[in-house]
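Let's take a walk through this chain together, one piece at a time. Have the viewer open and follow along.

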Amino acid sequence: VIPKQIDVAMGKSPRTQSVRVTVLEPSRRQWTSSKSMTEKEIRESTQQGIDLLDALSRSGSLPIACSELHVLVAVAHGFENNVMGTVVQDNVNPLEQVEQTYLTMTSILYGCTEPSEMLGL
């Protein structure tokens, strides 16, 4: 739902029309800070994490009072030229477009209809 909302919102402003939602695909080989892991090791580590959570919550009988879920939403800016060409030839400041994209995405994630609502304007 959020990627579709972002695509619609980005198409409304001329400053953000070059922005598209990006799909991130994790590689088959996950890594840790010390080494790369094989698929078998990934499955084993995942199962160990689930077993630990199951033990800590006593198979779900104890509520988990505090937890966090992190979600990654990625967008990509597409310019016809490189950065210098965009600035010099097209007379476009890419930083302004990035700022506008940031405000638009944040307004969608926080449920504001306009980015100016977040700024109290």
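Where is the place of S57? Look in the loop between α2 (39–56) and β2 (74–77), and there S57 sits. Keep in mind as you look that this is a predicted model.

S57 is a loop residue, and it counts as buried because its relative accessible area is 9%, under the 20% cut-off. Setting aside neighbours within four places in sequence, S57 is in contact with L62 and I64.

Now step along to R58, which is found in the loop between α2 and β2. R58 counts as exposed, since its relative accessibility of 57% is over the 50% cut-off. Its backbone is worth a look too: R58 has a positive phi, about 55 degrees, although it is not a glycine. For context, most residues other than glycine have a negative phi.

There's another case to check at N91, in the loop between α3 (83–88) and α4. The phi of N91 is near 55 degrees, again a positive value in a residue other than glycine. N91 is exposed as well, with a relative accessible area of 67%.

From there, carry on to helix α4 itself. N93 caps its N-terminal end: a side-chain oxygen of N93 lies 3.0 Å from the backbone nitrogen of L95. Helix α4 has 16 residues (94–109), so at 1.5 Å a residue it should span 22 Å, and its end C-alpha atoms are 23 Å apart, which agrees. The buried residues of α4 are P94, Q97, Q100, T101, T104, M105, T106, S107 and I108. After the helix comes G111, with a positive phi near 80 degrees.

Next, jump back to helix α1 (residues 2–12), where the buried residues are I6, A9 and M10. Seen down the axis of α1, these fall within an arc of 100 degrees, so they line one face of the helix. And what sits on top of them? The cover over the buried residues of α1 includes β1 (19–22), β2 and α4. On the face turned away from that buried side, α1 carries the exposed residues K4, V8 and K12.

Finally, a word on confidence. The chain has a mean pLDDT of 78, and 82% of its residues reach 70 or more. Among the elements, α2 has the highest mean pLDDT, at 87, while helix α5 (residues 115–119) has the lowest, at 67.

Definitions and conventions. Residues are numbered from 1 along each chain as its sequence is written. Side-chain values use heavy atoms; hydrogens and water are left out. Helices (H or I, at least four residues) and strands (E, at least two) are DSSP runs, numbered from the N terminus. The expected span of a helix is 1.5 Å times one less than its number of residues. Buried means under 20% relative accessible area, exposed over 50%, partly exposed in between (1.4 Å probe, protein chains only). A polar contact is a pair of N or O atoms within 3.5 Å; within protein, one must be able to donate a hydrogen and the other to accept it, and residues adjacent in sequence count only if both atoms are side-chain atoms. Contact means heavy atoms within 4.5 Å. pLDDT is the predictor's confidence in each residue, from 0 to 100. The arc is that of the directions from the helix axis to the C-beta atoms.
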